[in-house]
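Thank you all for coming; I would like to walk you slowly through one model this morning. Please have a look at it first, and then we will go through it together.

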Amino acid sequence: MQYAVMGNPIHHSLSPLLHAYFAQKCGIDMDYGRILVEGPFKDAADKFFAAGGKGCNITLPCKLEAFEYAGRLSDNAKRAGAVNTLKKEADGVICGYNTDGPGLVKHLLYLNYPVKGAKILIIGAGGAAKGILGPILAEDPQSIVIVNRTAAKAEDLAVRAADARVSAVAFEALAKDEHAAFDLVINASASSIQSTLPQVTDALLCKASAVYDLMYSKEGSTIFTEHCRALGIGQCSDGFGMLVGQAVLSFKIWNGVEPDFYQALTDLRGMLGSK
Ligand code: NAP
């Protein structure tokens, strides 16, 4: 196997489908499989690369171990503290990259959602929030506020960003602040996976012109995007475009060719039987 996605669980991963599609579109012969990581990530990765593996994607719960494993790191990977793409370079060094945040930005710009000069609220302070912060800041927003169930984690993320545009707030304080208003609300929490809504008031959500949920579904909607749509927010997206965006960028790291993101998004949504 030359390429693979590694994680646990792994059977649900759409990465083999995405990369088979890119390889066919770009006329590249590429074999891409799934590897279930049951012990230490290092053992599975050593085995994969020793057997001729050229590159892999890393999904939960192995992104931090992949960060430790990499012999060299891209700037995005360093900032995120996590790796979702490994490549064995010509000099034999295994390099770690993080394409999750750039993948999200690719989709936000494609959707024409407010980013540059915008006031942005990020809900969640886990691995995904950490990974998207740097790439969003690079697009020059006016401000980013982070809110999280465990408020100390949002505070920690804001402090680590060391950027005057980034701050943290608790859900309770946000609910009480009647002047709070955001152009774009990004749900980077795991609330939708649990079929619950984050504790952001409807009054606050209604002021946003766009909302984005990092979680994705075959149907193209989540409990959060459905809720926001019902509130009358015109621009609501799930995270399928982020998934495709990160995959496009991983493919480019390995093959030097970037598949057409816009075409891929349309075709792959269709393949999944989505809206
Ligand atoms: P994670 O590291 O486990 O972090 C989970 C975060 O969600 C934490 O901030 C947690 O708050 C918060 N949370 C969990 N349950 C919640 C609830 N019921 N209400 C409010 N907040 C809740 O997970 P992650 O890797 O950051 O993933 C977060 C989401 O991003 C998931 O939906 C995942 O599927 C999605 N994701 C999508 C892509 C993509 O390509 N589209 C890529 C990566 C991740 P506490 O700190 O209080 O526990």
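This is a predicted model: local features need pLDDT of at least 70, side-chain atom pairs count only at pLDDT 80 or more; totals for chains, interfaces and linings use all residues.

Residues are numbered from 1 along each chain as its sequence is written, and side-chain values use heavy atoms, with hydrogens and water left out.

Helices here are DSSP runs of H or I with at least four residues, numbered from the N terminus. Helix 1 (residues 15-26) and helix 11 (residues 240-255) have axes 10 Å apart and pack at about 55°, where axes are lines fitted to C-alpha atoms over the stretch in contact and angles run from 0 to 180 degrees between N-to-C directions. The two are therefore oblique to each other, a word for whatever is left once angles under 35 degrees (roughly parallel), over 145 (roughly antiparallel) and 65 to 115 (roughly perpendicular) are set aside.

Helix 5 (residues 100-111) and helix 6 (residues 127-137) have axes that come within 7 Å and cross at roughly 55°, and helix 5 and helix 6 are therefore oblique to each other as well.

Now, which residues are closest to the ligand? They are Ala128, Asn148, Thr150, Lys153 and Gln194, among the 22 residues that surround the ligand, each with a heavy atom within 4 Å of it. A polar side-chain atom of Gln194 lies 2.8 Å from a nitrogen atom of the ligand, and a backbone N or O atom of Leu214 lies 2.9 Å from a nitrogen atom of the ligand.

Notes: A polar contact is a pair of N or O atoms within 3.5 Å; within protein, one must be able to donate a hydrogen and the other to accept it, and residues adjacent in sequence count only if both atoms are side-chain atoms.
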